[in-house]
Amino acid sequence: MLFLLCAFVILFPVNAQGTCDTTNGWSGNIYTGKCFKILNVPVKWTTAVRNCFQEGAELASINGQSDQTFVAGLVAAKRVTSAVWLGGNSFDVTYFYWNDGSYFPGSYWAPGEPNNWNGNEHCLGMWGPYVSSSYQYRWNDFACYGSFQPVCQKQM
Ligand SMILES: [Ca+2]
């Protein structure tokens, strides 16, 4: 079985390199088949949705530990100063969901989050490296007019 798996990887190495456009800043998580890119310009959340769309992509979803670790690595490498936008919101309901409708794991919240502070926090972001260690790369519900760099995704 292991041999077959190895043979498959050798014969079909397409995802080993990924099919992400690395020359334009995309990098691939081969375990979830997604390409991610952090845009340079901080914007409010709705603009982040649009700016990812203009990249032929969408604001990123994190569906489990693999994506969480991968995106945290990108955020660290990019030395993001405060936080990044992810593609989650709670506009219509009291819980969060992803723009693309995919599975939403609730296990990456920062301590005490989501707290919907002042009843005004409906957009999802990930803290960067320059916060206390218990907050690093964890999620927070932010006010949607906060200005952060968007994390975009597209399928390999
Ligand atoms: Ca919050």
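This report describes the fold, core and selected residues of a predicted single-chain model.

**Basis and confidence**

Residues are numbered from 1 along each chain as its sequence is written. Because the model is predicted, local features need pLDDT of at least 70 and side-chain atom pairs count only at pLDDT 80 or more, whereas totals for chains, interfaces and linings use all residues. The pLDDT is the predictor's confidence in each residue, from 0 to 100. Its mean over the chain is 90, and 88% of the residues reach 70 or more. Residues 4–17 fall below 50, and this stretch has 6 contacts in the model beyond near neighbours in sequence. A contact here requires the C-beta atoms of two residues, placed from the backbone, to lie within 7 Å.

**Overall fold**

The chain contains 4 helices and 8 strands, taken as DSSP runs numbered from the N terminus (helices: H or I, at least four residues; strands: E, at least two). Along the sequence they follow the pattern α-α-β-β-α-β-α-β-β-β-β-β. Among contacts with a separation of 6 or more, 69% join residues 24 or more positions apart. Of the 156 residues, 33% are buried. A residue is buried if 20 or more other C-beta atoms lie within 10 Å of its own, exposed if 12 or fewer, and partly exposed in between, with C-beta atoms placed from the backbone.

**Nonpolar core**

A nonpolar core is a set of buried Ala, Val, Leu, Ile, Met, Phe, Trp, Tyr and Cys residues joined through C-beta atoms within 7 Å. The largest such core has 33 residues, and those with the most contacts inside it are V71, V84, W85, L86, M126 and V151. Two or more residues are given to this core by each of β2, α3, α4, β4, β6, β7 and β8. Leaving aside neighbours within four places in sequence, V71 is in contact with F36, A60, I62, M126 and V151.

The buried residues of α3 are W45, A48 and C52. Seen down the helix axis, these residues fall within an arc of 45 degrees, so they line one face of α3; the arc is that of the directions from the axis to the C-beta atoms. They pack against β3 (58–59), β4, β6 and β8. The face turned away from the buried side of α3 carries the exposed residues R50 and F53.

Helix α4 (residues 65–77) has 13 residues, which should span 18 Å at 1.5 Å a residue; its end C-alpha atoms are 18 Å apart, so the two values agree. The expected span is 1.5 Å times one less than the number of residues. The buried residues of α4 are D67, F70, V71, A72 and V75. Their cover includes β1 (27–29), β2 (34–38), β4 (83–89), β6 and β8 (149–155). Just after α4, R79 takes a positive phi of about 50 degrees.

**Two loop residues**

R138 is found in the loop between β6 (123–127) and β7 (139–142), and Y31 lies in the loop between β1 and β2. R138 is buried, with 20 other C-beta atoms within 10 Å, whereas Y31 is partly exposed, with 13. Not counting residues up to four places away in sequence, R138 touches Y108, W109, A110 and W127.

| Residue pair | Sequence separation | C-alpha to C-alpha distance |
|---|---|---|
| R138 and A72 | 66 residues | 8.7 Å |
| Y31 and D67 | 36 residues | 8.3 Å |
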